[in-house]
Amino acid sequence: MSMESNYWLTTSLIPPATPGNLPPRADVVIVGAGFTGLSAALALAKRGATVAVLEANTIGWGASSRNGGMVLTGLKLSAETLAKRYGMELTRRMYATSLESIDLVEQIVREERMDCSFSRCGHLEVACKQSHFDAYARSVEVIAREFHHELRIVPRNEIGSEIGSNIYFGGIVDETSAGVNPAQYVSGLASAALGASACIYENTRVQNIQRNSHNGSAGFSVLTSRGSILAQNVLVATSGYTSRATPDLQKKIIPIGSFIITTEPLPQDLARELSPRNRMIFDSKHYLHYYRLTPDNRMLFGGRAAFFPETKNTIQRSAEILRRDLIEVYPQLRDTKIEHAWGGTLDFCFDTMPHAGQADGIYYALGYAGHGVAMATYLGTKLAEVMSGSKNDIPYAAIPFPGAPLGLYNGKPWFLPIAGAYYKVLDWVS
Ligand SMILES: Cc1cc2nc3c(=O)[nH]c(=O)nc-3n(C[C@H](O)[C@H](O)[C@H](O)COP(=O)(O)OP(=O)(O)OC[C@H]3O[C@@H](n4cnc5c(N)ncnc54)[C@H](O)[C@@H]3O)c2cc1C
């Protein structure tokens, strides 16, 4: 098994970034070249703004090239939890954004003629316990009644038509969800943004953002590892890699490692047996597994196998755990070779919600909690519209953005082992 090798990157060509030095100023500086930053850059450049995307590493280096490529309806939290917390009216708007965000990805892929295997293959959630399956009926009913969105329950005796595994107690299918090759998609966004005249500077780490006024108009001075740049507006799009460059945001983000393995390409018959409808699949646990076939019929299998972000060690350990878990789901893969293993960092806020808005004049969108392919595209695009003068009607801008309980968190996630143990116990008892 080749460790620390991201399968998706073997399928995609990342476009060359903008050469040369940073310009002295831009209308908008965007920190981070993932789905959030690049979709904002594309939308802003199309409206004629001068845009400089500053990326500490390379285009798509963060979660955007490392994820499962599941373009899912809904949010990380259930509709019931959202309604209890925010009321049904705001929850309806949030759920609607989750559907709109998939349409938006589809539209951008089509308009920009991206070759990224986008397909409306639907998703399948599988129940790990009878009690989880029993709860599905109520969720499906609430979602149909309140959001006019139809999901389908698959009882245990019919689950074979959806998945070649007999360990589950049934499932839910949502035909609206989609799959994509994320590295090809993030490359496509970068090419489109560059094509619309946005500039993207790699190996440019933002160190500090200060308010500044230039020629009488208010703005920001952004200090980077390659010099400074002035901007009227700044968007921070650094997700799980948010750092001390934006200390107030860093304190509100919990970085969590998620890991993926992929097998060698499977024979067509075996691939169809494992996933007859080629769905995006995930299970009902807090410590969930997510899996799918890749366009070349590998089984891609991911999970939150370690609660620390990716390092050589966590990838190695996670790959072993994930292989064991994969064989529990699919004993058919006992002798199949694992060819790739990698990890990436998710961004959880303390309320498990996405947040998009402005703090001290600086725009931000983050907190996707593993549900970011479509939502990052959506919030990046929406904030670009807000910066261009549209009203901010993003429902996630209207909710409180909590920091750590009791203000204890200083950006070093010391509580993660405790949180990890907590989720394991929840999985065991719930
Ligand atoms: C293993 C894994 C699997 C996932 N699976 C799914 C899935 O199947 N479906 C789904 O919807 N979501 C999934 N997600 C979540 C999804 O990938 C993210 O929510 C999404 O990619 C976030 O995009 P982003 O542009 O906000 O951030 P990122 O893509 O993480 O980009 C942030 C960028 O900011 C840069 N940066 C950070 N600090 C600085 C700085 N100071 N200066 C300059 N640049 C900086 C980083 O180098 C990085 O490239 C997964 C995530 C992981 C890690």
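User: Why is valine 236 called buried?

Analyst: Buried means under 20% relative accessible area, exposed over 50%, and partly exposed in between (1.4 Å probe, protein chains only). Valine 236 comes out at 1%, so it counts as buried. Keep in mind that this is a predicted model, where local features need pLDDT of at least 70, side-chain atom pairs count only at pLDDT 80 or more, and totals for chains, interfaces and linings use all residues. Residues are numbered from 1 along each chain as its sequence is written, and side-chain values use heavy atoms, with hydrogens and water left out.

User: Where is valine 236, and which residues is it in contact with, leaving aside its neighbours within four places in sequence?

Analyst: Valine 236 sits in strand 11, residues 227-236. Strands (E, at least two residues) and helices (H or I, at least four) are DSSP runs numbered from the N terminus. Contact means heavy atoms within 4.5 Å, and the partners of valine 236 beyond those neighbours include Val31, Ile209, Leu249 and Tyr364.

User: What makes threonine 204 buried?

Analyst: Threonine 204 has 0% relative accessibility, so it counts as buried. Its place is in the loop between strand 8 (199-201) and strand 9 (206-214). Not counting residues up to four places away in sequence, threonine 204 touches Leu22, Leu54, Glu55, Ala56, Thr224, Ser225 and Arg226.

User: How do the axes of helix 2 and helix 3 cross, and at roughly what angle?

Analyst: The axes of helix 2 (residues 79-86) and helix 3 (residues 88-111) come within 7 Å and cross at roughly 135°. That makes helix 2 oblique to helix 3. Angles under 35 degrees count as roughly parallel, over 145 as roughly antiparallel, 65 to 115 as roughly perpendicular, and the rest as oblique. The axes are lines fitted to C-alpha atoms, for helices over the stretch in contact, with angles running from 0 to 180 degrees between N-to-C directions.

User: Which residues make that contact?

Analyst: Helix 2 brings Ala79, Leu82, Ala83 and Tyr86, while helix 3 brings Met88, Leu90, Thr91 and Met94.

User: How do you know what radius of gyration a compact globule would have, and what does the chain have?

Analyst: The rule is 2.2 Å times the number of residues to the power 0.38, and the radius is taken over C-alpha atoms. For 430 residues a compact globule would be near 22 Å, and the chain has 21 Å, which agrees. Along the principal axes, the C-alpha atoms fill a box of roughly 70 × 45 × 45 Å. The chain has 10 helices and 18 strands, and 59% of its 430 residues count as buried.
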